[in-house]
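This briefing concerns charged side-chain pairs. Side chains of opposite charge can pair when their charged atoms come close.

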2 protein chains.
Amino acid sequence: MAINDLSKDLAPIASITMADVVEVKLREYLKKKSFLPGDALPKELELAEALGVSRNVLREALSRLRMLGMIETKKKRGMVLARPDILGTFERVLDPLIIDKETLQDIFELRLVLEMGLADLIYIRKTDKDIAELESIAKKEVNLDNSFRIKNEIAFHGKLYEMSGNDTLKRFQIMLLPIFDYVVTLEKKPTRGKINHMDLVQILKTGSKADFKKGMEAHLKPHFDRLK
Amino acid sequence: MAINDLSKDLAPIASITMADVVEVKLREYLKKKSFLPGDALPKELELAEALGVSRNVLREALSRLRMLGMIETKKKRGMVLARPDILGTFERVLDPLIIDKETLQDIFELRLVLEMGLADLIYIRKTDKDIAELESIAKKEVNLDNSFRIKNEIAFHGKLYEMSGNDTLKRFQIMLLPIFDYVVTLEKKPTRGKINHMDLVQILKTGSKADFKKGMEAHLKPHFDRLK
DNA sequence: TAAGCCCTTATGTAGGACATATCAAATGTG
DNA sequence: CACATTTGATATGTCCTACATAAGGGCTTA
């Protein structure tokens with residue numbers, strides 16, 4: 001029966017629980033009342049009664065919001081609205097072992113896109129000190145064996161993100177590292193572009209933004225060549 | 001007293017609860033046992049007993065993992081490991097009203113970086129059909145009033161992301177839209193680059209990837225000029 | 001006025017109870 | 001014997017009660 005097949009395909013998605021509903025309602029409530037971080041929230045019993053659920057269900061929903069950093073609770077003070085750490089929540093599910101292959105590939109590409117687009121920020125904010133640091137990283141890599149070379153590679157590109165002057169971007173990169181690593185180690189032989197790290201440093205010192213963009217493109221070319 | 005000040009600054013961060021600990025322990029457990037999506041997990045009572053906590057605390061932790069999509073539960077079947085929707089969890093905390101100003105600015109820049117870096121993927125995967133769609137979007141915008149123009153702007157750039165052939169990237173962009181909007185509406189006068197949407201379409205039709213990168217740079221230049 | 005104590009209160013945790021949905025085995029029927 | 005139906009067992013979902021703990025607030029006292 002087609003209907004039977006359908007139900008078999010659709011049913012397992014899971015069932016919606018009270019905690020799910022309460023979570024959404026709490027979100028709406030917080031938004032509608034336009035609480036500001038630090039504002040005190042009603043007590044658990046009041047919320048539970050208002051929502052018509054047990055304190056147990058309410059606490060499951062609150063536990064989620066607390067995990068996301070949207071609320072903080074203290075023993076007697078009650079609950080207060082807080083600023084969630086948007087990247088911290090992201091990090092919780094970013095495990096290469098759990099993510100499916102297609103998404104892994106997508107994230108790998110996402111990182112390539114980011115690095116290609118970094119140039120504009122870097123050229124707005126780079127300092128001589130940054131470049132000196134970057135150069136010292138690049139110099140170290142000359143005589144390193146393979147495992148240390150990977151760490152150095154990470155340090156170099158990490159420094160580039162840092163030079164963007166964008167903390168969120170930098171943290172985002174750190175977060176994506178395991179995934180980048182994972183995909184890279186799946187590749188057979190190490191990819192090596194025509195432009196290496198020292199070349200990039202030289203460009204940063206004396207070259208134009210356009211030069212740097214071209215250099216980065218050449219540096220990452222082996223990765224892009226793999227895509228289809 | 002210095003010590004008193006310190007404790008006042010540090011203590012309010014919140015206190016760690018059993019649910020927090022259990023959440024971490026469950027994470028480690030799932031990773032260590034290297035469960036695969038679809039694998040059945042022990043029952044709640046067994047887990048609670050093994051961890052030495054009440055079923056209540058355990059369920060608060062499970063509720064968090066369930067929200068992240070890491071596990072799914074069915075009435076009698078028990079719990080199974082699932083693939084979390086990495087972006088879905090991200091979306092939950094991405095509210096312009098809650099995020100602090102610095103992070104908002106960071107995310108705004110992140111989106112600029114993404115758009116500048118899109119060219120390589122687009123030139124690998126663009127099709128004539130894509131370009132035709134993009135053109136029809138660009139054509140519509142000629143005689144639109146302001147509110148519709150914003151929607152059209154979104155549609156145009158959204159289509160660019162779509163042309164990257166990267167679903168995760170596309171969803172990511174959709175997710176960042178409210179924030180982009182929010183920051184843009186804070187600006188006084190509408191920014192208008194020297195290269196408009198129709199120009200970009202023309203480049204995509206006949207120009208090189210380098211041309212397109214330059215075009216995009218000119219198109220977004222007003223945004224970058226604001227940065228410091 | 002300031003320091004210290006006690007009481008109140010809201011959250012954190014535990015445990016029991018029952019509803020409900022579902023799987024699986026037992027049962028009935030052609 | 002094969003298939004449909006019923007029934008029982010079971011794991012999760014929800015509720016309730018109780019108590020521990022910490023922290024704010026007010027009170028007392030020096």
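Predicted model: local features only at pLDDT ≥ 70, side-chain atom pairs only at ≥ 80, totals over all residues.

Residues are numbered from 1 along each chain as its sequence is written, chains are lettered from A and ligands numbered from 1 in the order in which they are written, and side-chain values use heavy atoms, with hydrogens and water left out.

**Total and network**
- Over all chains there are 45 salt bridges (a side-chain nitrogen of Lys or Arg within 4 Å of a carboxyl oxygen of Asp or Glu).
- One network of salt bridges links A:Asp20, A:Glu23, A:Arg27, A:Arg64 and B:Arg92.

**Between chains**
- A:Asp95 and B:Lys31 form a salt bridge with an N to O distance of 3.3 Å.
- This pair crosses from the loop between helix H5 (86-91) and helix H6 (101-117) of chain A to helix H2 (residues 18-32) of chain B (helices, H or I, at least four residues, and strands, E, at least two, are DSSP runs numbered from the N terminus).
- A:Asp95 is buried, at 11% relative accessible area (buried is under 20%, exposed over 50%, partly exposed in between; 1.4 Å probe, protein chains only).

**Within chain A**
- A:Glu133 and A:Lys159 meet in a salt bridge at 3.1 Å, N to O.
- A:Glu133 lies in helix H8 (residues 128-140) and A:Lys159 in helix H9 (residues 146-163), so the pair ties together parts 26 residues apart in sequence.
- A:Lys159 is buried at 3% relative accessibility, whereas A:Glu133 is partly exposed at 32%.
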